[in-house]
Structures are given as C-alpha cells and as structure tokens.
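Subject: Structure handover

Dear colleague,

Please find the structure below, with the sequence. My notes on what was found in it follow.

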Amino acid sequence: MFGRVPKKSDNTKFYEVLGVPKSASQDELKKAYKKAAIKNHPDKGGDPEKFKELAHAYEVLSDPEKRDIYDQYGEDALKEGMGGGGSSHNPFDIFESFFGGGAFGGGGSSRGRRQKRGEDVVHALKVSLEELYNGTAKKLSLSRNAICSKCKGKGSKSGAFSRCYGCQGTGMKITTRQIGLGMIQQMQHVCPECRGSGEMISDRDRCPQCKGNKVTQEKKVLEVHIEKGMRGGQKITFEGQADEAPDTITGDIVFVLEQKKHPKFDRKFGDDLYVDHNLSLTEALCGFQFALTHLDGRQLLIKSNPGEVIKPGQYKAINDEGMPHHQRPFMKGKLVIQFHVIFPESGVFSPEQCRKIESILPMRPSKHLTDMELDDCEETTLHDVSAEEVKRRKERQHRHREAYDEDDDDDESAPRVQCAQQ
Ligand SMILES: [Zn+2]
Ligand SMILES: [Zn+2]
C-alpha cells in the first residue's frame, strides 16, 4: 500500500471548509475552527454534516504530518492510510478536546448523546471484623470488556465502516403508526441491525481479534485496600475500570463492603465494640479477672476493682479499645463489655449453707410476716416460665394489638382485652 505514489487529489477543500488560506498558521486554523464549530454545533441547531466536516478538516490540518500529506497528495492519500486512519474520529471528541465539554455551559449536552457513560459494576466484598480493625489489602481478579487492542475499538481491519442501512447510521429507528383519525404515534427504538452503533462492518473486514465486537474479554487484578476503621456498607471505587466500550466513558467498579458476623465482637454506634462475658455468681460478688483476645491478637487483662460487685446485665467500658476511626486510626472507640451473671442451679445449697450465706449477705428487704398476716394471705404456687413462652405470649399480644389498631382505637393506655386462656 505504501509502495506506490498516491494519485493527486483535491487538496484545497479542507482550507475552504475552515475558510482560511492555504498559508494559514496553526493559530489561524484554531481560531477559524473554533468560530465555525460553535456556529455549526448540532446542539445549537447547526448542520451535523457540516459540523463533522469542520472537525475532520481541523483534525487533519492541525496535525503537521497529516497537513503535509494533505498538501502534497490530497484527501485520498489520508484515506489510504498514510496519515494513520484519518477520518474515523468522533467530531464531538474533537470539539470537546477543544472546549473541555462545557462549551455551552450545559456541561456536555453533546456528551449525553455521543459519549454515553458506561454502567458502574458493583460487587459485594465480604470482610471480617478483624480485617476492618487491622486494615488489609485484597487482590481480586475480575474479567471485563476492554477495547480491542488490535483494531483500537473500530471492529474492522481497515478502520473503516459503512453506515448501517437499517437506520442510516443514526442507531435509532423511528416507526410511525396511525392510532386514530389524524393521530400519528411515533416510536423510536434502537436499530436491531447495528444494535444502536449506526455502523456496519463487512464480513471480510472484520477484526480477527474481536470478531468485529470492538471489545475483548480481559482479566484484570485489582488490589482493594481495606483501611482501618472502614465499615460495612462503605464503598471503594475504582474509577473508569468497568467494561470499556467505544464512544463510552468507562464506568466505575465499586466494591461495597459487607461485614461478616463476628462470633464474639459486635460493632455498634459508630466505633464501639460490644462483647458479652459470663461471670459466675462468686465472680460477680467477689471479683474476677480474665484475658480477652482482641481483634489484633493482643491479650487484654480485664479485672474488677477491689470490692466491686457486678450486677446481671451491667455494662463496663474500656476507652480506646474499640474500632479505629476510619482515616484517623489512632483514635478508637470504646470496648464495652456486658456482664451476665450465671447463678447456681436450684438445690445446690444445703439448709446449713443457706444459713451461712444468709449470715454474710445483707438482710432481706422484705419484713418478716407475722402469723396473723400469714393467715390473711392466700396460698399460691410459682411455676417456671421459659423464655420461649414469654416470647410467644408477647407475639400473641402483638397480633391482638394489630387487630385492634386496624379498628382505629389508638389509645395505648386503654386496657386490652385478652383472650381467655384455659
Ligand atoms: Zn478488534
Ligand atoms: Zn442501524
């Protein structure tokens, strides 16, 4: 192809399009293009063909190498590949590279049509509480569409394509149908032949690497840095790393952290860590000490103060042993311990032991009943109620309430009628 001298063809048209003399300087070219492109921009009601022509003319003449070829041999020489591809550039890209996409203050109205934004790809990423506490990096291998390296996303060997005849290159098809007297409905839909690209590539010219798809599958390894103190639901974004497509701004890959449940620690209220600990009754009354393994493997010695009594369900906290603050990991939340007291089983104390305990523990608050007072009382029997039963009864009451609430009576303090339970 490069062996023969191309025949001379018209080499003045581009200058005429831009309205400059052949001797025009780069500066004059720039000014001329700028003025004409704004005037003819399709967003301003200009002629799209004229706009394209301007972009193409400027693209060639602003490149000294291409301008040289054009001056010597004309447009056909560029088409034959001497200038490297030539005419397939998107005219809106050229315009935007010039004006930065916001030429009309609208912030890329042309972008909306020509350069659509690709979709973001969102992945859930499971992380342990240890990983969120200590920070870590995870290498993840993903496969994505990448612009074909062989054809640079053109889909064809020559870089050329012809206009899709299904849609005349617009990518959209409009069908009209009569829906009533004098009423016509217009429907616009994506052209099925070119799938909206507006282009067709002949079978012989198809790029062998991507088979004309313009993109190929690519394996990519991303290193996701999980910083100390990050939390579940937080997003880590890799900008412009999602599937590539021609004339498309590549979307982002977004990882959404999902914290796995921890068997021991629970993160609550920002950066506080909660942990449950069981104490025997003796420990609760007489003191305790134990080692707690933290999320970074450190052993924390946890002990009661002398003479301290721990009540069932009581909370105690250690400052600065909670989760690190994200981005300020030297600051940490609290580590809160909730104590549960395990009482001895019934029947483990003999009557003598009970008397001993009674002699040590504080006196009962309830006064001793006299025989007279006892005579006035009715005998009762205490039954065991399991936690499950309490839950069942609560749910049953809840259902009752809902049934009542539907009848609009909203007075919470009014006594509820319970079902008779026999
Ligand atoms: Zn290709
Ligand atoms: Zn089409």
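In what follows, a donor is an N, O or S atom within 2.8 Å of the metal, and water is not among the atoms, so sites may look incomplete. Please also keep in mind that this is a predicted model.

**Overall**

The chain has 422 residues, of which 31% count as buried. Its secondary structure comes to twelve helices and 19 strands. Taking the contacts between residues at least 6 apart in sequence, 64% join residues at least 24 apart.

**Zinc ion (ligand 1)**

Four cysteines coordinate the zinc ion (ligand 1) through their SG atoms: Cys148, Cys151, Cys207 and Cys210, at 2.2 to 2.3 Å. The angles subtended by the four donor atoms run from 104 to 116°, which makes the arrangement tetrahedral. For four donors, that label requires all angles to lie between 85 and 135 degrees. Along the chain, the donors are spaced as C-x2-C-x55-C-x2-C. Distant parts of the chain are linked here: Cys151 sits in the loop between β3 (136-147) and β4, and Cys207 in the loop between β7 and β8 (215-226), 56 residues apart. Cys151 and Cys207 are both buried.

The loop between β7 and β8 also holds Lys214. Lys214 has a positive phi, near 75°, in a residue other than glycine. With a relative accessible area of 12%, Lys214 is buried, because the cut-off for that class is under 20%.

**Zinc ion (ligand 2)**

The zinc ion (ligand 2) is coordinated by the SG atoms of Cys164, Cys167, Cys191 and Cys194, with distances of 2.2 to 2.3 Å. This site is tetrahedral, with angles of 102 to 114° among the four donor atoms. The donor spacing along the chain is C-x2-C-x23-C-x2-C. Here Cys164, in the loop between β4 (162-163) and β5 (172-180), is paired with Cys191, in the loop between β6 (183-190) and β7 (199-200); the two are 27 residues apart and link distant parts of the chain. Cys164 is buried, as is Cys191.

Helix α3 covers residues 48-61, and its 14 residues should span 20 Å at 1.5 Å a residue; the end C-alpha atoms are 20 Å apart, which agrees. At the start of α3, the backbone nitrogen of Glu49 has a side-chain oxygen of Asp47 within 3.0 Å. Buried residues in α3 are Phe51, Leu54, Ala55, His56, Ala57, Tyr58, Glu59, Val60 and Leu61.

Helix α4 (residues 64-73) has Asp63 as the cap of its N-terminal end, where a side-chain oxygen lies 3.0 Å from the backbone nitrogen of Glu65. Which residues of α4 are buried? They are Lys66, Arg67, Ile69 and Tyr70. These four cover an arc of only 160° around the axis, which puts them on the same side of α4. An α-helix has 3.6 residues a turn, so residues three or four places apart point the same way. The exposed residues Pro64 and Glu65 are carried on the face of α4 turned away from its buried side. Just after α4, Gly74 takes a positive phi of about 90°.

**Glu308**

Glu308 is placed in the loop between β15 (299-303) and β16 (315-318). Its relative accessibility is 14%, so Glu308 counts as buried. The side chain of Glu308 lies 2.8 Å from the backbone nitrogen of Asn305. A polar contact at 2.4 Å joins the side chains of Glu308 and Lys316. Leaving out residues up to four places away in sequence, Glu308 touches Ala284, Leu285 and Lys316.

**Asp247**

Another backbone angle to look at is that of Asp247, which has a positive phi of about 55° although it is not a glycine. Most residues other than glycine have a negative phi. Asp247 lies in the loop between β9 (235-238) and β10 (248-249). Is Asp247 buried or partly exposed? At 34% relative accessibility, Asp247 counts as partly exposed.

Regards

Terms used:
Residues are numbered from 1 along each chain as its sequence is written. Chains are lettered from A and ligands numbered from 1 in the order in which they are written. This is a predicted model: local features need pLDDT of at least 70, side-chain atom pairs count only at pLDDT 80 or more; totals for chains, interfaces and linings use all residues. Side-chain values use heavy atoms; hydrogens and water are left out. Donors are N, O and S atoms within 2.8 Å of the metal (3.2 Å for Na, K and Ca); water is not among the atoms, so sites may look incomplete. Four donors count as tetrahedral if all angles lie between 85 and 135 degrees; four count as square planar and six as octahedral if opposite donors are over 155 degrees apart and all others between 65 and 115; anything else is irregular. Buried means under 20% relative accessible area, exposed over 50%, partly exposed in between (1.4 Å probe, protein chains only). The arc is that of the directions from the helix axis to the C-beta atoms. A polar contact is a pair of N or O atoms within 3.5 Å; within protein, one must be able to donate a hydrogen and the other to accept it, and residues adjacent in sequence count only if both atoms are side-chain atoms. Contact means heavy atoms within 4.5 Å. The expected span of a helix is 1.5 Å times one less than its number of residues.
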